[in-house]
Amino acid sequence: MLHQGSCHCGKIAFEVEGDFETAIDCNCSLCRRRGSLLAFVGVPAFTLKTSEADLETYTFNSHKLQHHFCGTCGTAPFSEGVKPDGTPMRAINLRCIPDIDLETLKIRKWDGASH
Ligand SMILES: [Zn+2]
């Protein structure tokens, strides 16, 4: 199923293809502050519909992940990175997709703080 997602003000908008039934709740130093619920998808499933120039980017720790956020409203809709096998991936914040019923998601805890 194709989902439309965005930051709060709409400056960052995207489409993502997938059936999202589970979400990852990570306890790393960034996720615990942002409160995001994540799903990982391959690059072909993800289309950024707004300008790349509107993506603000934060990195920390190993700097392998680019955590994008909106400079206007502060929402963090997705991050970019690569899987351990080198395949590019996107980490989607499912909270930024209004048509997903967050109550129905099965939450998987990820101990990012220990990794
Ligand atoms: Zn925004």
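The model is predicted, so local features need pLDDT of at least 70 and side-chain atom pairs count only at pLDDT 80 or more, while totals for chains, interfaces and linings use all residues. Residues are numbered from 1 along each chain as its sequence is written, and side-chain values use heavy atoms, with hydrogens and water left out.

Begin by selecting Val 16, Phe 20, Phe 46, Ile 92, Leu 94 and Ile 97, which touch the most other members of the largest nonpolar core, a set of 18 residues. A nonpolar core is a set of buried Ala, Val, Leu, Ile, Met, Phe, Trp, Tyr and Cys residues joined through side-chain atoms within 4.5 Å. Buried means under 20% relative accessible area, exposed over 50%, and partly exposed in between (1.4 Å probe, protein chains only). Next, display strand 2 (13–17) and strand 4 (38–42), each of which supplies at least two residues of this core; strands are DSSP runs (E, at least two residues), numbered from the N terminus.

Then select Cys 26, Cys 31, Leu 38 and Ala 91, which are among the seven residues of another core, apart from the largest one.

Return to Leu 94. Beyond its neighbours within four places in sequence, its contacts (heavy atoms within 4.5 Å) include Phe 20, Leu 37 and Leu 105.

Finally, move to the loop between strand 6 (55–58) and strand 7 (66–70), where Asn 61 is found. Phi of Asn 61 is positive, near 55°, and Asn 61 counts as exposed because its relative accessibility is 62%. His 63 lies in the loop between strand 6 and strand 7; its phi is near 60°.

Conventions. Helices (H or I, at least four residues) and strands (E, at least two) are DSSP runs, numbered from the N terminus.
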